[in-house]
Amino acid sequence: MRFLRSLRPLYAPATAFSRRSFASETTASSGGKLRVSFVLPHQTILNDFEAIQVNLQSSEGDMGILADHVPIIAQLNHGGVVEIVASDNKPRKYFVSGGFAVMNVDSSLNINAVEAVPIEDLDPSAAKQGLDEAVRKLNASGASEKEKAEARIEQELFEAVIAAAKA
């Protein structure tokens with residue numbers, strides 16, 4: 001306990017600079033523009049792209065992000081959809097395997113995903129075949145617990161692909 005008290009001078013001054021604010025009190029330096037960067041480990045999909053709105057599915061729920069949104073860090077759902085609406089009102093939809101979205105105070109949104117595929121590139125018939133195979137593996141007699149766990153993961157993935165392709 002003495003050790004923790006000895007640390008107090010190190011962290012107490014930092015808390016004096018912390019200040020919470022409402023979304024309406026955040027800086028409006030963005031000029032009402034939402035700047036989006038969307039990256040994968042091996043590819044940059046969008047870099048400083050001007051968008052009107054971004055809709056995404058996160059562990060906190062579905063959310064729509066506009067310029068001057070309160071800063072937030074959100075974990076993207078595995079098998080979720082990220083929709084980016086540009087100034088031409090044409091949405092760009094991506095199926096993502098997970099990742100994070102970070103909204104900054106300057107209205108820049110950074111989306112970091114493990115993998116992302118444009119929705120139009122998804123093949124619902126191939127996903128249906130994969131789903132049928134996963135269900136078959138899951139219900140197979142003599143399947144080990146490991147095989148069943150892998151089959152459940154495949155089943156969830158293919159169900160998410162089919163749902164995203166319908167959207």
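Begin by colouring the chain by pLDDT, for this is a predicted model: the mean pLDDT of the chain is 85, and 82% of its residues reach 70 or more. Next select residues 12–17, where pLDDT stays under 50 and for which the model has one contact beyond four places in sequence. Where pLDDT is low, the predicted coordinates should not be read in detail.

Of the 167 residues of the chain, 31% count as buried. If you consider the contacts with a separation of 6 or more, 53% of them are accounted for by residues 24 or more positions apart.

One such place to look at is Ala86, which lies in strand β5 (residues 80–86). Is Ala86 buried or exposed? Its relative accessibility is 6%, below the 20% cut-off, so Ala86 counts as buried. Select Ala51 as well, and you will see that the C-alpha atoms of Ala86 and Ala51 are separated by 4.3 Å, although the two residues are 35 residues apart along the chain. Leaving aside its neighbours within four places in sequence, Ala86 is in contact with Phe49, Glu50, Ala51 and Ile52.

Move on to the aromatic rings, among which the count comes to one pair. The ring centres of Phe38 and Tyr94 are 5.2 Å apart and their planes stand at 90 degrees, so this pair is edge-to-face. Because Phe38 lies in strand β1 (residues 34–40) and Tyr94 in strand β6 (residues 91–96), the pair ties together parts that are 56 residues apart in sequence. Both Phe38 and Tyr94 are buried.

Finish with helix α2 (residues 124–139) and helix α3 (residues 145–166), whose axes come within 8 Å and cross at roughly 155 degrees. Angles over 145 degrees count as roughly antiparallel, and α2 and α3 are therefore roughly antiparallel to each other. The crossing in which α2 passes α3 is left-handed. To see where the helices meet, show the side chains of residues including Leu131, Ala134 and Leu138 in α2, together with residues including Phe158, Val161 and Ile162 in α3.

Notes. Residues numbered from 1 in each chain as written. Predicted model: local features only at pLDDT ≥ 70, side-chain atom pairs only at ≥ 80, totals over all residues. Heavy atoms only, no water. pLDDT = per-residue confidence, 0-100. Contact = heavy atoms within 4.5 Å. Phe/Tyr/Trp six-rings, centres within 6.5 Å; stacked < 30°, edge-to-face > 60°. Helix = DSSP H or I, 4+ residues; strand = E, 2+ residues; numbered from the N terminus. Buried < 20%, exposed > 50% of the residue type's maximum accessible area, 1.4 Å probe, protein only. Axes fitted to C-alpha atoms, helices over the stretch in contact; angles between N-to-C directions. Parallel < 35°, antiparallel > 145°, perpendicular 65-115°, else oblique. Left-handed = near helix turned anticlockwise from the far one by under 90°.
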